[in-house]
Amino acid sequence: MEHNRGPLFGWPWERLNNYKYFLYAPLLFKAAVEIWENRGEEGYWFVHILVISLLRCSLFQVWHSYSRADFLSRRHQIHSNSVDFDQIDREFHWDNYMILQAWVATMGHKWVPGLVGMLPMWNSRGILTVLLLHMGPTELLYYFSHRAFHKGYLFQNYHYFHHESTRPEPSTSGTSSFLEHLVMVALMSIPIGAAAAMGEACIGMFYVYFLGFDFLKFMQHSNVEVVPLWLFNMFPFLKYLIATPSYHSIHHSKLNCNYCLFMPLYDYLGGTVNSKETSLLHSKLRTQGQERKVPNVVFLSHGADYMQVLHIPYVGRTFAARPCTYAAWYLWILLPIVWICFTITSLVASAHTISKYQINESFYVEIWAIPKLGYQFFLPFGQKQINKLIEDAILEADRLGVKVIALGALTKNEVLNGGGELFVRRNPNLSIRIAHGNTLTASVLLHELPENVDQVFLSGSTSKIGKAIALYLCRKRVRVLMLTASVERFEAIKNEAPAEYRDYLVHSLTYEAGSQCKTWIIGKWASYRDQKTIL
């Protein structure tokens, strides 16, 4: 189906990209003035607006980390596939609605009777009014507006954007057109405006309503069924009041049912509830759980440094979507928090999934990481624990039925475990194959060579990868010109080759020696002068 963008689809600040956060600047200035004038907690309106915005982002981070952390949520995940790059890009500005609502609340404080001036911090009657009116008019009107957005022009020009994400996650909840969020703001204004008109408004109702609203929206789109079955079994009426992640997932997959905001009661009344499939899915996820998908290959890695940890998908969604950088000042601010969290994790955690990729219909790969950073591999007192973590990961992969586990980065360190040989000796009955990361690189290079090649010029020939390539090619009766200044290292490699193939390994001292060779493998940095020789 062809989709278009109708009027008011895009956000007014769409072209600002990340500069949109400067829209908070006037609110930040007013908050600073409030603090400077010491107006007291009841007079800190702009301070409260900013605090609520920060708490909403923190709430998102909790749900995002939980839903993406396979080691925590895999069993109850609704969809086991990973989020594709198109969805990540599409939902990059999921938090636009927070800016909109912060400014609408600010304008309400200035112009709406009952919100103007200083408000009490807490008023139980006002909060109860907001909750009751949300359950009534707001939920009812949302139900009908949502159904309208699923028809004809409104769906094809607006709501389709939200439903392009068939595998929801917390950021999906905020990914909609500007028009839809204007409608949502109008619906949320009903209970708040009514409480203000009755003279029962308070600061606390904004905290309760906004944070409660986001909590339920993030939960619904979390892709993890977190609501236990016993809750509905013990209190059957709750099925009319709580829309579970399974409930909303059915809406995303079917499109023609389960339209409610948070209360399925309105779907029951409107005849649009899909209770059978919702109940089956909910029951399956909470009793049997999601079947563990066994990868064909596991790549075992580790963290490089504290900055790189921020780019793990379940840690930072925004950071993970961009290349690792050390230039962003705001990342350095987060380092103390990262250090504390990672230190605790490294003491109690084991190897776990950080990414997963479905290459094609039959080939599925997972990237596991042990909770250690690069520098920790060189601390003598920690090497035994690191080897234990690596070995446990190998045994777990073997238990699952994984065919190959590839040791990457420092997990294959020769000094640490002999490039993985230590684990093979300790566990001679392993079904899984342990692959050296360098061996995989060599395999890729050899796969790219022409079939009829009879001579290769190889730089970096005495490195682990170069050695593997040279020994393989000589067995194929391919003449290998090995560029190295070390006669001793060349002879050592030559002596590892079977006697009948050693003459295929030729020692070369300069790039000029390969001038008549058509196939080159460059495994070492080459100077500008050397590159001119190559070219």
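Me: Which residue in E7 is the bridge partner of Ser459?

Reply: Ser459 has Leu483 as its bridge partner in E7. Another E7 residue, Leu481, is the bridge partner of Phe457. A word on the basis: this is a predicted model, in which local features need pLDDT of at least 70, side-chain atom pairs count only at pLDDT 80 or more, and totals for chains, interfaces and linings use all residues. Residues are numbered from 1 along each chain as its sequence is written, and side-chain values use heavy atoms, with hydrogens and water left out.

Me: How do you know that E6 and E7 pair, and in which sense?

Reply: Strands here are DSSP runs of E with at least two residues, helices are runs of H or I with at least four, and both are numbered from the N terminus. Two strands pair if DSSP finds at least two bridges between them. Strand E6 (residues 455-459) and E7 have 5 bridges, in the parallel sense, so by that rule they pair.

Me: What joins E7 to strand E8?

Reply: E7 and E8 (residues 505-508) run parallel and are joined by 4 bridges. Leu481 has Val506 as its bridge partner in E8.

Me: Why is strand E7 called largely enclosed?

Reply: Buried means under 20% relative accessible area, exposed means over 50%, and partly exposed lies in between (1.4 Å probe, protein chains only). In E7 (residues 479-483), 4 of the 5 residues are buried, so the rest of the structure largely encloses this strand.

Me: What makes the β-α-β unit of E6, helix H21 and E7 right-handed?

Reply: The test is to look with the strands pointing away from the viewer: the path from the first strand over the helix to the second must run clockwise. The unit of E6, H21 (residues 464-475) and E7 is right-handed. The chain then crosses from E7 through helix H22 (residues 487-496) to E8, again as a right-handed β-α-β crossover.

Me: Why are E8 and strand E9 said to stand at the edges?

Reply: The open sheet has 4 strands in the order E8-E7-E6-E9, with parallel pairing. E8 and E9 (519-522) each have a single partner strand, so one side of each is left without a neighbour in the sheet. The twist averages 25° from one strand to the next, using axes fitted as lines to C-alpha atoms (for helices, over the stretch in contact) and angles from 0 to 180 degrees between N-to-C directions.

Me: What is the strand order of the sheet with mixed pairing?

Reply: That open sheet has 5 strands, ordered E2-E3-E1-E4-E5. Strand E2 (352-358) and strand E5 (433-436) are its edge strands, each pairing on one side only. E2 and strand E3 (residues 364-373) pair in the antiparallel sense over 6 bridges, whereas strand E1 (residues 297-303) runs parallel to E3 over 7 bridges. E2 and E3 form a hairpin with 5 residues between them, and Gln358 has Tyr364 as its bridge partner.

Me: How do you know whether E3 is mostly covered or open?

Reply: E3 is mostly covered, since 9 of its 10 residues are buried.

Me: Why is Tyr240 called partly exposed?

Reply: Tyr240 has a relative accessible area of 31%, so it falls in the partly exposed class. Tyr240 lies in the loop between H10 and helix H11 (245-254).
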